[in-house]
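This briefing covers a single chain, for a reader who wants the geometry and the criteria behind it.

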Amino acid sequence: YTEQMKDLIVQATSGFVAQIIKVAAVGVMLFSLNWQLALITLGPTPLVFVAALFFWQRIYPRYYRIWDARSKLNGALSSIINGIRVVKAFGQETREVDRFNHTSSYLRDSFRRVEHLTATFQPGMAILFQLGGILVWFFGGRLVLGDGMTLGTLTAFLGYLAMFYVPLRQLTSLTNWLTSFLSSAQRTFEIIDTQPLILESGDTRSIPAASAASIKFDNVRFGYERDESVINDLSFEVRSGEHLGVVGKSGSGKTTLINLIARFYDVSDGAVSVNGVDVRKLSLPELRRFVGVVLQESFLFRGTIYENLTYGNPDVGFDQVVEAAKAANAHEFILRKQFGYDTYIGERGAGLSGDQRQRVSIARALLY
């Protein structure tokens with residue numbers, strides 16, 4: 001999208017505006033030489049605009065298919081790469097290659113349809129412009145033979161005629177650039193314009209200071225699907241200093257409880273409150289500062305271990321970082337690394353074991 005935006009700006013400034021000025025200036029010269037031939041010169045112009053409108057209506061849906069196909073291809077490739085261990089563990093390499101080939105073929109066919117239509121449109125425009133030149137030659141020659149125009153004036157007119165049609169032809173190609181940009185921009189704006197499901201209320205409140213912090217569930221009901229509840233009429237309270245362990249089979253709603261406390265989702269019925277205040281009435285930044293979360297799948301960013309530890313609180317001191325790492329039982333293995341806390345790790349914590357990533361995530365939550 002960024003490249004499309006850059007190309008459109010270049011076309012609009014150095015291309016479109018310059019060509020419009022050139023067409024207007026040359027048009028004035030044509031009318032000053034002979035207004036009759038100038039009108040003949042403008043004869044193909046309505047046909048050009050009609051053809052450009054027809055081209056726009058035909059090409060726009062095809063460009064949208066290109067961006068849709070490219071998105072599906074990137075999604076399929078990302079899925080295959082991220083799940084490469086699963087693919088190899090189950091011996092599904094051939095299946096994934098076939099799936100990728102199918103998706104890439106869809107992208108290839110989408111490009112082919114666009115290129116075919118463009119290859120038809122551009123020569124068609126050239127024929128229309130050539131038609132205008134032929135008419136000027138014909139009627140201009142009759143004027144010269146009838147002493148209505150000198151040969152020198154006709155020669156000058158034909159010279160300006162080429163200067164008039166070339167930029168006009170380039171303006172028609174702008175349709176292709178504009179269509180490509182709008183189709184990609186539409187997909188971008190679909191994401192930008194998507195309304196978030198979790199919104200702050202107009203009268204947000206602060207978490208009240210209390211000698212004993214508490215988290216309370218009051219008759220909470222929640223389901224990821226409207227007709228299927230994961231939690232039904234759940235009520236409990238956790239006070240300061242208490243530890244609560246939630247056990248249950250997979251899918252029973254253990255992770256869902258954390259999602260509701262951090263307000264990644266809103267309850268369907270009932271309320272979740274922090275220090276007696278419904279989390280829906282709290283500002284999201286303050287709530288997230290109050291709640292430290294360690295997810296099941298620990299995600300670490302590309303960078304040093306220290307940068308990942310201080311991600312939520314960049315201003316924290318080194319002594320506090322070490323203290324948190326010790327509390328998470330991560331300090332020892334960090335020191336065994338060649339560069340200690342300055343050890344560089346890859347995307348998603350590549351270079352660390354699953355247990356080590358989990359410990360770094362716990363220390364990061366303690367520092368938040």
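The points below take up confidence, helix packing, strand pairing and salt bridges in turn.

This is a predicted model, in which local features need pLDDT of at least 70 and side-chain atom pairs count only at pLDDT 80 or more, while totals for chains, interfaces and linings use all residues. Residues are numbered from 1 along each chain as its sequence is written, and side-chain values use heavy atoms, with hydrogens and water left out.

**Confidence**
- The chain has a mean pLDDT of 80, where pLDDT is the predictor's confidence in each residue, from 0 to 100.
- A pLDDT of 70 or more is reached by 89% of the residues.
- Helices (H or I, at least four residues) and strands (E, at least two) are DSSP runs, numbered from the N terminus.

**Helix packing**
- Helix 3 (residues 44-82) and helix 5 (residues 93-145) have axes that come within 9 Å and cross at roughly 165°; axes are lines fitted to C-alpha atoms, for helices over the stretch in contact, with angles from 0 to 180 degrees between N-to-C directions.
- The contact of helix 3 with helix 5 comprises 24 nonpolar, six polar and nine charged residues (nonpolar: Ala, Val, Leu, Ile, Met, Phe, Trp, Tyr, Cys and Pro; charged: Asp, Glu, Lys and Arg; polar: the others, Gly among them).

**Strand pairing**
- Strand 1 (residues 214-222) and strand 2 (residues 231-239) run antiparallel and are joined by six bridges; two strands pair if DSSP finds at least two bridges between them.
- F222 stands opposite I231 in strand 2.
- Strand 1 also pairs with strand 3 (residues 269-274), antiparallel over five bridges.
- In strand 3, V272 lies opposite F217, and A271 is the bridge partner of D218.
- Strand 3 pairs in turn with strand 4 (residues 277-278), antiparallel over two bridges, with V274 opposite V277.
- Two residues lie between the strands in the hairpin of strand 3 and strand 4, where N275 takes a positive phi near 50°.

**Salt bridges**
- The structure holds seven salt bridges, each a side-chain nitrogen of Lys or Arg within 4 Å of a carboxyl oxygen of Asp or Glu.
- One of the salt bridges joins the side chains of R221 and D269 at 2.7 Å, N to O.
- R221 in strand 1 and D269 in strand 3 are 48 residues apart, and the pair links distant parts of the chain.
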